[in-house]
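Here is a short report for a reader meeting this structure for the first time. Please look over the sequence and the model before reading on.

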Amino acid sequence: MPADEPLAQPGDGNPGVQAATHTVRSQASTLTAPVPRVRVEHVAKTYVQRGLWPLVRRNRVLTDASLEIGAGEITAIVGANGSGKSTLMMIIAGVLERDAGRVAVNGRMGYCPQTPVLYEKLTVAETFRLFGIAYGMDDGSIRRRQSDLMAALDFGDYHDYRIEHLSGGTQQKLNLALALLHDPEVLLLDEPYAGFDYETYLRFWDMSEELAARGRSILVISHFVEQQERFHKIYRVKDGRCERER
Amino acid sequence: MAAVSANASAARRLSTPLAMFVRQYYRNVMNLVLLVVIPVLLILSYGDALSRLADDLPEVTLTRDMGQSLGALWSAAFLTGLTGFFMMVGARAADRRLVRAGYATSEVVLLRFVSVALLGAIATMVSFGVLLTRLTPTDFLQTLLVMYLAALIYGAVGILIGSLISGELEGSFALLFFFVMDAFIGSPLFGTTSEAFAFLPTFYPAKVLLALTAEQPHAAIHWLYIVLYLSAASTLAGVAFYRAARVR
């Protein structure tokens, strides 16, 4: 992302951003030790599939998963297919109930699900407006952020397109942009660059590094960690637990 | 001034998703096709067929006007049921994301109900309009009202089924099965006497509408039953939707 096109900064007129910054500052002034932005402790999750009575299949996905993410960190969750990466992220995001354990998130959260979750009959601009209002942003802030994010992710030409008419890659860009719209302190990204072309993939990393430099915490699920140096921490989900690899 | 600003902000917060929910519906061409086809089919064709069949059944009194009125009732109801169901099925995950983004679950549930009610009003008006091409009800207001209440009941049934059944195909079958039970087996043509049929969604609306069409008196308590049914269906649908959309 070009340096002269910054994403929203604290104090840019977006009340949501100011409120969040205030929260972070007040934490910094009252606590002596740094508080993790995300703390997950001993989380367990079992999926229960009910067949014809009395058949019940239980799939224990997470048994004792714990992790911590600090401010300004880019953290990866890796693991084999079906290991529980997305389950863990959905639990952190609050879209899936856990069976046991604790999850604490300090600050506002942006969640980008693995597959685009969007209203397919709405246009891109309408989608930004709807979610911007949900985040508590005013119209001016929504427009500015929309413009910045669409330029940063290179889909500025699709402003008035209905989502159902967008390619899978462009839908994924919008999916990611919605998670970033309110400039959250914590970003949860479930394979965010699936479907991106290489140039957008690089733009994504530029953007992530810029966000981390501004103290944002980013948790990324990835099957492959080709570029390990991009991550401050790497957790591997295996046998229901999170093992820190780095 | 601050109060005015807060009110404007709250109005924007509620009116924007409401407008977009309704817009989503009308951008689906199939919904517009159904809005034309179903009233025509149920009022002109089915209503006629029902009354002609009744001509051959001496124990059933069902004039052509009554058959067409029933067709209009079921048209408004079925269209609104479809609206509620497909709105839920098509937007369940995105609604949950909207809640995750900052809307209260109760706000999204309320806005979905209001949008189904608005679309139900349109379905009722269209069905009523088609009915007017065939007959002139003596009591416009009550005829329209009972049709709209039946539509609202089915809207709630659609939302309930859409909240409980995630598959589009399975849910469509469930709604259709429910409708067939209600409109056909529960219809006066079958001369049903079992009290169990009183639990079908359009049992009392149909009774009231038939009485209105035949210009005969009907029990006022039937209106109360209709409102009670609507309240119960809406409560069940609201709880099911709330549980499906809430953030954990």
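## Where the chains meet

The contact takes 19 residues from chain A and 20 residues from chain B. Two residues are in contact if their C-beta atoms, placed from the backbone, lie within 7 Å. On the side of chain A that touches chain B, helix 3 (residues 124-134) of chain A gives the largest share, six residues. That side of chain A divides into 13 nonpolar, two polar and four charged residues. Here Ala, Val, Leu, Ile, Met, Phe, Trp, Tyr, Cys and Pro count as nonpolar, Asp, Glu, Lys and Arg as charged, and the others, Gly among them, as polar.

## The model and its confidence

This is a predicted model, in which local features need pLDDT of at least 70 and side-chain atom pairs count only at pLDDT 80 or more, while totals for chains, interfaces and linings use all residues. Residues are numbered from 1 along each chain as its sequence is written, and chains are lettered from A and ligands numbered from 1 in the order in which they are written.

The model scores ipTM 0.85 and pTM 0.84. Chain B has a mean pLDDT of 88. In chain B, 94% of the residues reach 70 or more. The pLDDT is the predictor's confidence in each residue, from 0 to 100.

## Chain A in outline

Chain A holds six helices and nine strands. Helices (H or I, at least four residues) and strands (E, at least two) are DSSP runs, numbered from the N terminus. Of the 246 residues in chain A, 45% are buried. A residue is buried if 20 or more other C-beta atoms lie within 10 Å of its own, exposed if 12 or fewer, and partly exposed in between; C-beta atoms are placed from the backbone. Among the contacts in chain A with a separation of 6 or more, 75% join residues 24 or more positions apart.

## A covered helix in chain A

Helix 2 (residues 85-93) of chain A is mostly covered: nine of its nine residues are buried. Its buried residues include K85(A), L88(A), M89(A) and A93(A). Just after helix 2 of chain A comes G94(A), with a positive phi of about 85°.

## H42 of chain A

H42(A) sits in strand 1 (residues 38-50) of chain A. It counts as partly exposed because it has 14 C-beta neighbours inside 10 Å. Leaving aside neighbours within four places in sequence, H42(A) is in contact with D64(A), S66(A), A100(A) and G101(A). H42(A) and C242(A) are 200 residues apart along the chain, yet their C-alpha atoms are separated by 9.5 Å.

## Helix 2 against helix 4 in chain B

Helix 2 (residues 29-55) of chain B packs with helix 4 (residues 105-132) of chain B at an angle of about 45°, and their axes are 9 Å apart. Axes are lines fitted to C-alpha atoms, for helices over the stretch in contact, and angles run from 0 to 180 degrees between N-to-C directions. Helix 2 of chain B and helix 4 of chain B are therefore oblique. Angles under 35 degrees count as roughly parallel, over 145 as roughly antiparallel, 65 to 115 as roughly perpendicular and the rest as oblique.

From helix 2 of chain B, the contact uses L35(B), P39(B), V40(B) and I43(B). From helix 4 of chain B come A123(B), V126(B), S127(B), V130(B) and L131(B). By class, this contact has eight nonpolar residues, one polar and no charged.

## Helix 3 of chain B and its partners

Helix 3 (residues 64-101) of chain B and helix 8 (residues 221-245) of chain B have axes that come within 9 Å and cross at roughly 55°. This pair is therefore oblique too. Helix 3 of chain B brings M88(B), R92(B), D95(B), R96(B) and V99(B), and helix 8 of chain B brings F241(B), A244(B) and A245(B). The contact has five nonpolar, no polar and three charged residues.

With helix 5 (residues 140-164) of chain B, helix 3 of chain B packs at about 30°, the axes 7 Å apart. These two helices are therefore roughly parallel. Their contact has 20 nonpolar, eight polar and no charged residues.

## M87 of chain B

M87(B) lies in helix 3 of chain B. M87(B) is buried, with 24 other C-beta atoms within 10 Å. Not counting residues up to four places away in sequence, M87(B) touches Y25(B), R112(B) and V116(B).
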